Structures are given as structure tokens and as C-alpha cells.
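Dear colleague,

Please find the structure that I am handing over to you below. My notes on its pockets and on one of its strands follow.

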Amino acid sequence: MQPDPVTLAVLENRFRAIVEEMGEALLRTATSQILNSSRDFSIALCDAQARLVAQADHIPVHVGAMPFAAAAVLESFGATMQPGETYLLNDPWHGGSHLPDLTIVLPVFGDGALRFLTVVRAHQSDIGGATHGAYNPAAFEIWQEGIRTPPIRLGEDDALREDLVAMLALNTRIARDFRGDLMAMWGAARLGAKRVQALLAEHGAVKLAAASDTILDLSEAHARRIIASWEDGEYFGEATLDDDGHGAQNIPIRARVTKRGGDITVDLSESSPQVRGFVNSSWPNTVSAARMALAYLLDPEVAKNDGAFRPLTVVAQEGSIVRPREGAAVTLCTSHCSNEIVEAIVKALAPACPERAMGGWGRRFRVAIAGENPKRGKKFVWHLFHARPGGGGHAKGDGWSCAGEWHSAGGLKFGSVEMAEARFPLFFRHHEFRPGSAGDGTFRGGLGAELELVIETQQPAMANTAGDGIRHGAAGMLGGADGAPHRYTLRHADGTERDLRTKETGVELRPGDVLVVRSGGGGGWGPPDKRDPALRDADAKEGLV
């Protein structure tokens, strides 16, 4: 039964409303700072074939990979799935992207058959492994990065198995946060299943299946019309990682892109061989990064679902940094090299659609701090999401300041400074734009930030870092200049200081130490000599240069 256009529009918005409501439920019930303040989670609704039907506007690098998780659950349990069951996974070779991202999948049945899957992916504050905070820069194999979980049946009869929950929580450093976040994820997935069941009761399984098929087909047609308007050809783009933390330097990510009519093939085969450090990208993450790049070049009105990504084919060599062999260290991949994959693809396609290409977005440089909170007498793990880098300039204007990185596109938030100070032994001495950090251009990039963060523990705390971008800043596009690289400094109370590397463990933070963060700006778009002088004057008056 084919829905009429009005009903089809209503159902598309109902699907989207369901995933958005799921996201709000998770945000408001999660325990950890990384979810309830920084919003490092994503929501998706897939059909019984694991096709992405709807997503909420959360973390782009999550969403393009979440159908891999749905497909892995179907492959493992499809024939035996029952209503009221809950499935969980995180392993990159079994449907995940990297170990910190737990994914819950709930089946939704109608008329006695599986019809939809609600999918919730959320980054954990800790996932075990050799160091706190879910990132281990010293890792050279995945077993050093945390607990690996292939698709498992975590619950049945609308209840979770406490023995499995206890086993998972025991493998994390802050079990209370883990349990609270897992319950929030489960609650969001159950809420979504409840809403989909109501939709099935109202419209019937046959009608909803026909509607979702049509929605995907319309998105595909919309995407292909846009792509067909770009100039055909073979294009090349390259981006460069600083290092892998284990000796590899200036690591290339190369995209050879062929555009013919409404089809695009991205061949990443000329990228670096896989490396020892944790910047290798799992295959779901690599495909998701390519889908991200395409999504950024399409119209905002195109529904980003399975249909919109059908024009895209991604090719890579096994054993390369973008498709490593099983067992490789990969935890940083959702940031790096996903950002570089996007940058290389956008660079390649910029000549084909210059009005759509944007300057590079800043790179991720995260710090995780573990210690004891004297305010509460409890252990804590805190992740730095403040001082975000700038977004890239584009054909319609300057980039957004402190917007974040390609992989999150503003989806990650840094949350309230006052709330962070209330919850953790931290003092934000200042947090403001970093003048001169934006890449120049006809339209400049967005600015990064400057932050001075004082450690107010009573005992030394420990930190580790995970990121990139102290050597290579966000790329300028079509003649624009690159954004400034990051510079993070640890300043001791006695005035001595040193710059932090982007990949190091065992950093001691003594009471009174200060983290001085200077984050990178976004890349510029277009030749700088074509910038409107009035815009330069305005930047100067605002103190941005």
C-alpha cells in the first residue's frame, strides 16, 4: 500500500520525531558528563534490513556507522530475535567503530515479524584498558584499549541480565557512571521502540514498510539530482595526520574520487599502510567518514538516510590505515583519521562543486583527567570538551567559531563552565576566542579558543591526551589559508611549563597546575585578497585578529 504524499510527509516527520525524543530522553537521564553535558551520543532508527531510516542531529561520524551495528546484530541473532530483547556491542570488527562507543539495539515487532530496530550509540567515560578515559595513546593492539564486546543478548523479557551488566561494569573504572549511562541508553531505546509500536498500531506494518521504502528512494533521487549537477571527472585530495604516537610522522590520507552522473566512488587505496598507533580507522568508521563528507556537500533538506548514501561507493585496501586488519589499535579513529578522510574527500570534490565545499574544520585534541574529587571524596574521570576548534569558512560566509571538528560538526557541546566547576575540582580562569587562529580567506575560518584551567585537587591527578593537529592545522580550501594548529601547555605552580603532545599517557597534574589550551581555528575559503575590507575592519574591532 503506497501512502499518499501528505501521509508520507507526516510519517517521515514522525520517524524523525521518534529519534529526536529518544535523544532528549538519553540526554536528561545519563549519569556521566560526557553524555549529559557534552552529548557524545547518537540515535538511529533502522528497518528490518538494517537500513538507516531516520537519525537525529547528533554526532555525524556515529550515524553513518550505526547500520553496521544493526546488521551485525541481525547476522548474529536475526532468526531467533524476540520482542523484549536487548542487544549490545562495541567491537569494531563486529559492527562497532571503536570500543568506547557502546551500541544498544532493540528489535520492534509488528504482525509477528521484525519491522524496525531502535539503535542508541553512546561514548563511555571509561571502557577499561590500560589507562583511564577510554583512550590509550600507548596502545598498539586493540586488547590494550578496553573490553571487546561482539553482539550479545544483554536482556530479554523487557529486563537486562544483571550478570552481564555487572561483568561489563566491573571492567570500567567508574562503574556508577557506566551503569547510569547504560540504563539511560536502554531507556532511550525502549522509548523509541514504544513510539514505533504505536506507529505500527496506527498505520500497520505494510503501510509503514512501504512508506520507509519510498522515503529512502526519494532521498536517493534527491541526492543524485544534486550530485549530477557537479562536473564529472576524476579528482584527488590529500590530508595529513601529525603522527601515530609511535614514530610514524606526517601520515597521508589520500582520496581519489570519481564522479560520473549521479554516482561517486571514493578510492582510499593510496592512503598510508596501517600504523602501530591508535589512529587506524575501522571499516565502519571509514565508510561513515566518507558518508559524512558527502552529507556536508548535499543540501540540508536532503534526509540523511540509507537512500541519500546509495550514490556513494567506498574502496580501500585491507591492511591500510583506513581498513586495518583485525587486532589493530583504532580508538582515536572516530576523530582521527575520520577528520582527515573527510578533509581529503572535500578537497578532492571542491573543484567539482566549489560553492558547496568548505574550509577544513579544526582537529580534536582531548585531555582526560582522573583523580579524587575533594568535594565529594570520590574518584572522577573528566574529559576536556571545552575550547573547541573553529569550523571552516564557506562560500556564504565565515566559519563558526569554537564549533568543533569535522566528525562532530557542532554536535559535541562543551557544556556549562559553572556546572563543570560545581561537579569537578576544576577552575576555569578564562575561556575566550583565540585571536588570529582562523585561516584567512575570502571568508575566514572560525576561531579556536584560549582556556586556562586550574587543577584544584588535593592530591596529584593523572592525565592522558588523544588527538592531532599541533603540526597540521585545518586545511584552507580553494585558495584559503590553513587554520592555526593547536598548542596545549602544562604550566606548573612554580612557573615552569612544557607543551603537551597529542598522544601521551602518565601526565601528572599536581594541585595548582594549569592547563593552558590554545585550540586551532578553521580553514579559510577562497583567496584572501578577495575578502571584503569591511569584514577585515569588523574582525579588527572585535579583537579577532
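Helices (H or I, at least four residues) and strands (E, at least two) are DSSP runs, numbered from the N terminus. This is a predicted model, in which local features need pLDDT of at least 70 and side-chain atom pairs count only at pLDDT 80 or more, while totals for chains, interfaces and linings use all residues. Residues are numbered from 1 along each chain as its sequence is written, and side-chain values use heavy atoms, with hydrogens and water left out.

A pocket is an open set of points on a 1 Å grid over the protein atoms alone, where a 1.4 Å probe fits, with protein on both sides within 12 Å along at least five of seven lines; lining residues have an atom within 4 Å of a point. The volume of the second largest pocket is about 350 Å³, where a volume is the space filled by probe spheres set on the points, which are joined across faces, edges and corners. Its lining has 15 residues, and Arg 176, Asp 177, Arg 376, Lys 379 and Phe 380 are the closest to the centre. Helix H6 (175-203) and strand S13 (378-383) each give two or more residues to this lining, and S13 gives the most, with four.

The largest pocket has a volume of about 1300 Å³. Of its 44 lining residues, Ala 295, Tyr 296, Leu 298, Pro 300 and Lys 304 lie nearest the centre. Helix H8 (283-297) is among the elements that give two or more residues to this lining; H8 gives the most, with six residues.

S1 pairs (at least two bridges found by DSSP) with strand S5 (residues 113-123) in the antiparallel sense over seven bridges, and Leu 45 stands opposite Thr 118 in S5. S1 and S2 run antiparallel and are joined by three bridges, with Cys 46 opposite Leu 52 in S2.

Yours sincerely
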